[in-house]
Amino acid sequence: MALEIGDKLPNFVALDTNGKSFESKQIIGKQPVVIYFYPKDNTPGCTAQACSFRDNYQIFKDLGAEVIGISADSVASHVKFKSKFKLPFILLSDADKKLRKLFGVPNSFIFLPGRQTYVIDQNGIIRLIFNSVSSSIHIEKAIQVLKNINQSN
């Protein structure tokens, strides 16, 4: 069953680029978080999306939010991807696709892993679920929702 807007994000654990277990409860419920699922490291669309999150990272930080990128790539792949493009945010490996299943991220074009973004507020409540193959729109939508969250606080 897919997560929906208004749901509380469940706790999850995944490996980060340091090979350490990252538990979502470390930050979920403490600050807003943008979690984006993407198909694959080092592909044109995914690289453009990651670099756009990087280029706008200070805006996310100014809005009090952290960014987390998730794909099925290995920790080693994420380490290279993060280093090559100087990504300042967290990348998590979902090699067994359990997180994709937990969130209910659909595939794009039947077989390709989907590109889906979630904005979670400081209480751990999902405020946006956005799915689009267009990578740039994800950043715009996430920033707008974060601005709305900050205005309502």
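Strand β1 (residues 13-16) pairs with β2 in the antiparallel sense over 3 bridges, where pairing needs at least two DSSP bridges between two strands. Within this pair, A14 stands opposite F22 in β2. The model is predicted, so local features need pLDDT of at least 70 and side-chain atom pairs pLDDT 80 or more, while totals for chains, interfaces and linings use all residues. Residues are numbered from 1 along each chain as its sequence is written, and side-chain values use heavy atoms, leaving out hydrogens and water.

**The sheet**
- An open sheet of 7 strands runs in the order β2-β1-β5-β4-β3-β8-β9, with mixed pairing; strands are DSSP runs of E with at least two residues, helices runs of H or I with at least four, both numbered from the N terminus.
- Its edge strands, each pairing on one side only, are β2 (21-23) and β9 (126-131).

**Helices on the sheet**
- Helix α3 (residues 75-84) touches β1, β4 (66-71) and β5 (90-93), and its direction makes about 155 degrees with that of β5; contact means heavy atoms within 4.5 Å, and angles run from 0 to 180 degrees between N-to-C directions of axes fitted to C-alpha atoms, for helices over the stretch in contact.
- Helix α5 lies across β3 (33-37), β8 (116-120) and β9, at about 165 degrees to β9.

**Two helices together**
- The axes of α1 (residues 44-55) and α5 (residues 135-152) come within 8 Å and cross at roughly 25 degrees.
- The contact is made by G45, A48, Q49, S52 and F53 of α1 with S135, H138 and I139 of α5.
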